[in-house]
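Please consult the sequence and structure shown here.

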Amino acid sequence: MFFKKWDNEYVNNLLKASVVGIHLVTATFVGLAIGYFLDKWLGTKPVLTIIFLLFGIAAGYKNMYLEIKGIHGIGKKRDETKKKE
């Protein structure tokens, strides 16, 4: 079959996969912004910016991993139910 049938679950997984890159960017930006404004407020110039940037990057990768794991898990369950029928 050249074209896959576009059922609701397939479209839902496709939409989830399209958002995976946004998770990394937004979490990194939020971590950077929090660190920057805390540094500005407390007067500790680059320390908190670097720390919260690293926390943001780690959170972004964690979100990406969980999203991909969820997409993969849903697809695996769907294939197993088709094999049983």
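This is a predicted model: local features need pLDDT of at least 70, side-chain atom pairs count only at pLDDT 80 or more; totals for chains, interfaces and linings use all residues.

Phe-55, at 54% relative accessibility, counts as exposed. Both residues belong to helix α3, where they are three residues apart, about one turn of the helix.

A search of the whole structure finds two aromatic pairs. In one of them, the rings of Tyr-36 and Phe-37 have centres 5.3 Å apart; their planes meet at 75°, so this pair is edge-to-face. Phe-52 and Phe-55 also form an edge-to-face pair, with 6.0 Å centre to centre and 85° between the planes. Tyr-36 is partly exposed at 43% relative accessibility, whereas Phe-37 counts as exposed at 53%.

## Helix α2

Helix α2 comprises 23 residues, 20-42, and spans 34 Å from its first C-alpha to its last, close to the 33 Å expected at 1.5 Å a residue. Its buried residues include Ala-27, Gly-31 and Gly-35. Gly-43 follows the helix and has a positive phi, near 80°.

Val-30 is also located in α2 and, because its relative accessibility is 46%, counts as partly exposed. Between Val-30 and Phe-52 there are 8.6 Å in space, C-alpha to C-alpha, although they are 22 residues apart in sequence.

## Nonpolar surface patch

Ile-50, Leu-54, Ile-57 and Tyr-61 make up a nonpolar patch on the surface, together contributing about 400 Å² of accessible area. Leu-54 lies in helix α3, residues 47-84. With 54% relative accessibility, Leu-54 counts as exposed.

Notes: Residues are numbered from 1 along each chain as its sequence is written. Side-chain values use heavy atoms; hydrogens and water are left out. Patches are made of residues with over 30% relative accessible area and no salt bridge: like charges are joined within 9 Å, nonpolar side chains (Val, Leu, Ile, Met, Phe, Trp, Tyr) within 5 Å. Accessible areas come from the Shrake-Rupley method with a 1.4 Å probe; for residues, only the protein chains shown count as cover. A salt bridge is a side-chain nitrogen of Lys or Arg within 4 Å of a carboxyl oxygen of Asp or Glu. Helices (H or I, at least four residues) and strands (E, at least two) are DSSP runs, numbered from the N terminus. Buried means under 20% relative accessible area, exposed over 50%, partly exposed in between (1.4 Å probe, protein chains only). The expected span of a helix is 1.5 Å times one less than its number of residues. Rings of Phe, Tyr and Trp (its six-membered ring) pair if their centres lie within 6.5 Å; planes under 30 degrees apart count as stacked, over 60 as edge-to-face and the rest as tilted.
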